[in-house]
Amino acid sequence: MGLYVETRVRVDLDTLWERTQDPAEHQRWDLRFTEIAYLPAEPGVEGGPRRFRYAVRVPPFPAVAGTGVSAGERHRAGGDRVSALRFASPHPLSPLAEGSGYWRYVPAEDGIRFLTGYDYRPRWGRFGRFADRLAFRPLMGWATAWSFDRLRLWCEHGLTPERARAHWLLELAARALLVALCAPHPVALAAACAVALLVPPSPRTPAARRCLRTPPERSRAPRLLATLERP
C-alpha cells in the first residue's frame, strides 16, 4: 500500500472498534472526512459488506462526495481484527478517483496496535500524478497520522475530538503569533521560527509526529480486501 500509519492505543479492543467502525463516531475524529454514512442495506441481506457514502467539505468549495464498500472481521484466530474498504468518487473536483485500504487491530502488551495501509489512483492525468506526489499524498499521510493521534487522545484520555481540534488550533495560533511578534527583528524571528517548528506539541494536542509512518515489517493487505467489489 502507498501510505502507512500506525499508532499504539491503550484502550480495550471493543471501544476502539466501535469508534472506528461506527460512521457517526468515525467522522468525528478523522480529518479526511466531513460526513460518513452507511447506505440502506438491500432487503433480506444481513451482515457482509456494507456500502457507504462519504463527503469532504472544505469551505468555500462545494462538498466532494463518493461511495464505498467496507467489511470487517471481528473474530480471528489470532485475536486481532481487520477491516477493509474500497472507495471511489466521480466528482470532478476530487483528486482521488478510486482507492482501497485496510485497518488492522493487533492486541499487544501495552495496548492495541492500530494501523492502516491504503493507496489510490489520482485524477487529472499527468498533472494529477505530479500534484499528488508533490503535495496531496504527503498531505493525506499527515492528515491520517494526525487523525490517528486525535483518536488515541480520545480513547486514552477522554479528550473528545472536538476539544482536541480546539487545542490544536489554539496552539497553532500561539506559535503563529510568536513568529508574527518577532518578525521585525531578524535574530528574534529566527529563534521564534525554531521554537514554533521544533518545540513538541502539548500532550493533549494531536500530532502526526507521534505516529509511525513506515511499516516495521513487510505489510500485506488482508485477504478480505480481495473479496470486496468496486463501489
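Guide: A search of the whole structure, which is a predicted model, finds 13 aromatic pairs. One of them joins Trp29 and Trp103, whose ring centres are 6.1 Å apart. Their planes meet at 35°, so this pair counts as tilted, since stacked rings need planes under 30 degrees apart. The pair links distant parts of the chain: Trp29 belongs to helix H2 (residues 23-29), while Trp103 belongs to strand S6 (residues 96-108), 74 residues apart. Trp29 is buried, with a relative accessible area of 0%. Trp103 has a relative accessible area of 10%, and because buried means under 20%, Trp103 is buried as well.

Another pair is formed by Phe114 and Phe148. Their ring centres lie 4.5 Å apart with the planes at 20°, so these rings are stacked. Phe114 is part of strand S7 (residues 111-122) and Phe148 is part of helix H3 (residues 125-157), so the pair ties together parts that are 34 residues apart in sequence. Both Phe114 and Phe148 are buried.

These two pairs share one aromatic cluster, made up of Trp17, Trp29, Trp103, Tyr105, Phe114 and Phe148.

Charged groups also sit over aromatic rings here. The charged end of Arg19 is placed over the ring of Trp154, 4.1 Å from the ring centre.

Definitions and conventions: Residues numbered from 1 in each chain as written. Predicted model: local features only at pLDDT ≥ 70, side-chain atom pairs only at ≥ 80, totals over all residues. Heavy atoms only, no water. Phe/Tyr/Trp six-rings, centres within 6.5 Å; stacked < 30°, edge-to-face > 60°. Helix = DSSP H or I, 4+ residues; strand = E, 2+ residues; numbered from the N terminus. Buried < 20%, exposed > 50% of the residue type's maximum accessible area, 1.4 Å probe, protein only. Lys NZ or Arg CZ within 6 Å of the ring centre and 35° of its normal.
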